[in-house]
Amino acid sequence: MAAKVGRAALEKLQWRNHDCRDKNTLAYLGRTRRGTKVFINKAVAEADLVLLIGSIEPHLHAGFGGGCKNILPGVAGLETISQNHALCAHPKYFSAVGLEPDKNPMRQDIEEGAQMIRGVTFIVNTVLNHDLKVIKIVAGDPIAAHREGMKVTREIYGVRIPAQADVVITDSYPMDLDLRQGAKAIGNTHFAAKPGGIIIAALKCDDGLGESGFAKARLPSSPLMVNLLAKVLAPLIKSLPLGISPEDRFSVYTALKTIQRNRIFACAPSIADEMSRRGSLFRIFKSMPDAVAEAEEIKPEATVLIFPMGGVTYPIVGSR
């Protein structure tokens, strides 16, 4: 917190870090039309004014970040987060990056749940350019202002492509923190590849694997076994007691559906050795030339699309 706001400011402010697992701090506000039980931090649920400060960028499941996401999942209970995110565990919505809100059940559920709090909600959201500099600020109604910011975000990061390619090359910037964040580059861009195509992703992973339990799981080393695992588990991910935390299940579903559709080559030198020991859903390489060379062997006459800043860039395919 001191690194975020500065030590001097921190000492003058009353602040709390929300814990989604602490049921004593949550207020139950009812159910959404999609059945999500809405538990929100009591301090937020009972406040007269709730100011949401964030940024609007492409989001793999919610379409775009920002807006009411500071409330749900931001200060929601674990059960609420899990039920809301489970809406993505469906073949139609497992990748919803850039999807319009009126077509996105997760975004609609977020906004319905967030509007159950009694106070006035006001957003201040930024839009960043490729240098991570603020180029637009929207403020006001959490839905209307968010939609305005979303238009600018789409203009910057949504790239219309003429056709899907045999090979897509991308990188994790600016989502370079860990594997969970870096993998967004794969999720964001994988519809730029044809079914059966190859995605080559350079993942920096400054903090290694990160906190995702699934990232640290031991997996089969055989690609055939990994694909069989994906085929069997994907339809059952919401109901099986797999030892995966509720908030990770939607990420697991996305990963499983992605590897069913495409071959994934991840160039991740910082985690390559550890992932080789554990097994991985992706082919792991220590260098981009090695990854590119193997892709060239498989698809020597490939069409290629390159997506820099894959952490926030996404393709617009057809009417999507």
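Analyst: **Starting from a loop**

P73 is found in the loop between β5 (63–64) and α4 (78–86). The names of helices (H or I, at least four residues) and strands (E, at least two) refer to DSSP runs, numbered from the N terminus. Please keep in mind that this is a predicted model, in which local features need pLDDT of at least 70 and side-chain atom pairs count only at pLDDT 80 or more, while totals for chains, interfaces and linings use all residues. Residues are numbered from 1 along each chain as its sequence is written, and side-chain values use heavy atoms, with hydrogens and water left out.

Most peptide bonds are trans, and most residues other than glycine have a negative phi. Another cis bond runs from Y173 to P174, with omega near 0 degrees; P174 lies in the loop between β9 (165–171) and α7 (179–182).

The whole structure holds 3 aromatic pairs, meaning rings of Phe, Tyr and Trp (its six-membered ring) with centres within 6.5 Å; planes under 30 degrees apart count as stacked, over 60 as edge-to-face and the rest as tilted. One of them is the tilted pair of Y28 and F39, at 4.9 Å centre to centre with 40 degrees between the planes. Y28 sits in strand β1 (residues 26–31) and F39 in strand β2 (residues 37–41), so this pair links distant parts of the chain, 11 residues apart. Both Y28, at 45% relative accessibility, and F39, at 22%, are partly exposed, a class that falls between buried (under 20% relative accessible area) and exposed (over 50%), using a 1.4 Å probe and protein chains only.

Because Y314 lies in strand β14, the pair ties together parts that are 250 residues apart in sequence. F64 is buried, at a relative accessible area of 0%, and Y314 is buried too, at 2%. The loop between β13 (304–307) and β14 (314–316) holds M309. This residue has a positive phi, near 55 degrees, though it is not a glycine, and M309 is buried at 13%. C205 likewise has a positive phi near 55 degrees; its place is in the loop between β10 (193–202) and α9 (223–233), where C205 is buried at 1%.

Side chains of opposite charge can pair when their charged atoms come close. There are 11 salt bridges, counting a side-chain nitrogen of Lys or Arg within 4 Å of a carboxyl oxygen of Asp or Glu. In one of them, K37 meets E79, with the closest N and O atoms 3.6 Å apart. Since K37 belongs to strand β2 and E79 to helix α4, this pair joins parts 42 residues apart in sequence. Both ends are partly exposed: K37 at 25% and E79 at 34%.

A further bridge pairs R118 with D48 at 3.1 Å between the closest N and O atoms. R118 is in the loop between α5 (105–114) and β6, and D48 is in the loop between α3 (42–45) and β3, 70 residues apart. R118 is exposed, at 57%, and D48 is exposed as well, also at 57%.

An α-helix has 3.6 residues a turn, so residues three or four places apart point the same way. R107 and E111 are both buried, and together with R147 they make up a network of salt bridges.

Let us finish with one more contact. R283 lies over the face of F265, at 5.9 Å from the ring centre; this label applies if NZ of Lys or CZ of Arg is within 6 Å of the ring centre and within 35 degrees of the ring normal.
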